[in-house]
Amino acid sequence: MSDRSGQPLALSQLRAGQVATVLGLLESTGLDAGRDASQSLLARLRDLGFVPGARCEVMARMWLGGDPMAVRIGGSTFALRRAEAAAVRVELAVEAGVARESLARAGASAVAA
Amino acid sequence: MDAAVTPLRMALVGVPNCGKTALFNRLTGSRQKVANYPGVTVERREGERATADGRGQRILDLPGTYSLNPTTLDEAITRDVLLGRLADTPAPELVICVVDAVHLPIGLRLALEVKRLGLPMVLALNRMDVARRRGVQIDAARLSAELGVPVVPTVAVKRGGADALIEIMESDRWLVPRSVTAPAGNGVSAQDAEQLQRDLQGLLGAAGYSPPRDNPWFARIDALLLHPFAGLVILLAVLFVMFQAVFSWAEAPMDWIEGAMNSLGEFTAAHMPAGPLASLLVNGVIGGAGSVLVFLPQIIILFFFILALEDSGYLPRAAYLLDRLMGSVGLSGRAFIPLLSSHACAIPGIMATRTIPNWRDRLTTIMIAPLMTCSARLPVYGLLIAALIPARAIGPFNLQGLVLFALYSAGIVSGLLVAFVMKHFSKSRQYSPLMLELPDFQWPNAANLVLGLWERVKIFLSRVGGIILALMIVLWFLSSYPAPPPDATGPAIQYSLAGKLGALLQHVFAPIGFNWQISIALVPGLAAREVAVGALGTVYALSAAGDDVSGQLQPLIASSWSLATGCSLLVWYIFAPQCLSTLAVVKRETNSWRYPLIMAGYLFALAYIAAFVTYRVMR
């Protein structure tokens, strides 16, 4: 959602198999949820390890808009809804798609956002 | 306070899935469920352990949380206990912070946050065996020096795996008096959080931490299980196999139990003088409670599957696959685990809704939990299906298993429809997050599984021997007295109190096809669903006019009920809220009478309407 120039991207824009580096979180989630709910959601993302410099990888996405998605970060995997992933700003890592070919192939049928 | 006699208060803190509950069991020897999905610890669990000095230690197992900035009721409880904010639970004198060594960063972050509270603390590096195998490097001594608290490796699932921790707990090495510096306010600011992350990175660096090698198999299995199409097919197949197995695997052991019950009934009838006592034993106890006991094998098989799926880490993945579907009816993906637990029993299911952050979501989940087919319905379904549905093979499937699958599906579909309707009645459109951890796969622990099954067997047997037996004896009296007049023509039970009550209730139940025997059985069946099976056993045994008292219930039903009546009763059981304990738990969890009353009202209404339609259509 913060994507205007193509870089940086929102985590929700990545395809299954893509690897990225976290740049930071948005100030607010743009969700139709009160300010408090929005802030606690951001705080939780931070607690789960979505902090600047962290490396993350999209493991899988469901069909029709890829919602929800499974994201691996810090050695753990989390299921995130697209709206949650949209609050994480990332930059694609160069190794994208090389690290796990089999996974990328499996995820190719998942529809990209 | 007298320090010499009060046991020392300790609390276990950690992120979900770190092995905290297993460590709790190891320390206290308490027997409880250990599972592998986030949010299993929803109840307050406390255990005591004896110490050499005789003072003892009281250990509290706090709900798992990722941070002290809570998003759910569970997590708020953990924070409040640590801050000493709960009236009945003073702050612990020692915090045992449990960190999964395989997933060190996320656990250590919480440990840093807990340490800031200034409580005496010990850090347990759990699952050290797995971590070493996967190439994790941690310098525990450096970590301890940097953190300023003792750090001990533990392997909670192994005998003796907590010995080093126990040694520290019993020493006075941690007994450094410190001042508690609780943070002001509830939340942590973004600056605080970023500082915490910097501290964490520094700490990991100092301890020479190197992350685990990713197990390539996990990624491969996940690519399949989380695949949008293949994943859903596998999920359906898993559920389908589970329900087929409940029928086909249980067949032989159920025949044995039934045979044993019949022989016991015949033996008792043959070796006792005929009279009220013999009738009470044969018809009330053996015919009534015994007919419920027959379903033990099916319940064991169902729980075997549920426990194994829990332990393996599959359940949160199923929640992931179904999140979209759940979201479309206004439920959170997090509702999946409470709803799946409700297939065992609605009570733990309703308690597990505490892990759902949003109150409206939580309420919706609570309201539909009783629609999930709990194991108490199995005896009823099992009896009726075996009596009325032929055991024909349809392709590779058994028709009886298919019908059972259909009944389970009907419960799920109607739950989703009710949630959908509730969504449209609710004005609040608050977003509810998913953010669910998908833990590493593991083979279900055999000891864990056996322990879990044994607990279910104990619960079932104590219900059969307790409430069910008691209700059966009461029902026997009501069905036997007053005795029929000498010139009676029909079966004796028709002249008894229960018979008269059944005749009265028939005015209500005749439109949906229930005969007077069913009407009587439903009265004690209000307390708990499976009681109705025992009650039918007693009622039919007593109406069999003496000749075939220990006769089996199933052929009796097969010969005397129409298919429409049987199906109507099956449909009634999909909806009817015949479980007082569930309603009591809903009252407790929602803290008002309003919701249990609404629940009972809407479920009875649905049950009556659906049974009415079924009966009219099939007749």
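Trainee: Which residue in E3(B) does B:Arg49 stand opposite?

Mentor: Before anything else, please keep in mind that this is a predicted model. In it, B:Arg49 stands opposite B:Gln57 of E3(B). The two strands concerned are E2(B) and strand E3, residues 57–61 of chain B, and they pair in the antiparallel sense over 5 bridges.

Trainee: And what sheet has E2 and E3 in its order?

Mentor: It is an open sheet of 6 strands in chain B, with the order E2-E3-E1-E4-E5-E6 and with mixed pairing. Strand E2 (45–49) and strand E6 (151–153) of chain B are the edge strands, each of them pairing on one side only. From one strand to the next, the twist averages 25°.

Trainee: Which strands does H3(B) touch when it packs on that sheet?

Mentor: H3(B) touches strand E1 (8–14), strand E4 (94–100) and strand E5 (121–126) of chain B, and the direction of the helix makes about 165° with that of E4(B).

Trainee: OK, stepping back a bit, how many helices and strands does chain B have?

Mentor: The secondary structure of chain B comes to 26 helices and 9 strands. Along its principal axes, the C-alpha trace of chain B spans about 95 × 55 × 45 Å.

Trainee: What share of the residues in chain B is buried?

Mentor: Buried residues make up 48% of the 619 residues in chain B. If you then take the contacts in chain B between residues at least 6 apart in sequence, 73% of these join residues at least 24 apart.

Trainee: Switching to helix pairs, at roughly what angle do H25 and H26 of chain B cross?

Mentor: Helix H25 (residues 580–590) and helix H26 (residues 594–618) of chain B cross at roughly 145°, with their axes coming within 7 Å, and the crossing is right-handed. On the side of H25(B) the contact is made by B:Leu583, B:Val586, B:Lys587 and B:Thr590, while H26(B) brings B:Tyr595, B:Pro596, B:Met599 and B:Ala600. By class, this contact has 6 nonpolar, 1 polar and 1 charged residues.

Trainee: What about H16 and H18 of chain B, how do their axes cross?

Mentor: The axes of helix H16 (residues 359–368) and helix H18 (residues 399–425) of chain B come within 9 Å and cross at roughly 145°, and here too H16(B) passes H18(B) in a right-handed crossing. The residues that make the contact are B:Thr364, B:Met367 and B:Ile368 of H16(B), together with B:Gly415, B:Val418, B:Ala419 and B:Met422 of H18(B). They divide into 5 nonpolar, 2 polar and no charged.

Trainee: Last topic, how many residues does each chain put into the contact between A and B?

Mentor: The contact takes 34 residues from chain B and 36 residues from chain A. On the side of chain B, helix H3 (104–115), helix H7 (190–206), helix H8 (216–225), helix H13 (315–328) and strand E9 (436–438) each supply at least two residues. The residues on that side divide into 19 nonpolar, 8 polar and 7 charged.

Trainee: And which strand of chain A is joined to E9(B)?

Mentor: Strand E5 (residues 76–80) of chain A is joined to E9(B) by 3 bridges, and the two run antiparallel. In E9(B), B:Leu436 is the bridge partner of A:Ala79.

Notes:
Residues numbered from 1 in each chain as written. Chains lettered and ligands numbered in written order. Predicted model: local features only at pLDDT ≥ 70, side-chain atom pairs only at ≥ 80, totals over all residues. Contact = placed C-beta atoms within 7 Å. Helix = DSSP H or I, 4+ residues; strand = E, 2+ residues; numbered from the N terminus. Nonpolar A, V, L, I, M, F, W, Y, C, P; charged D, E, K, R; others polar. Pairing = 2+ DSSP bridges. Axes fitted to C-alpha atoms, helices over the stretch in contact; angles between N-to-C directions. Left-handed = near helix turned anticlockwise from the far one by under 90°. Buried ≥ 20, exposed ≤ 12 C-beta atoms within 10 Å, placed from the backbone.
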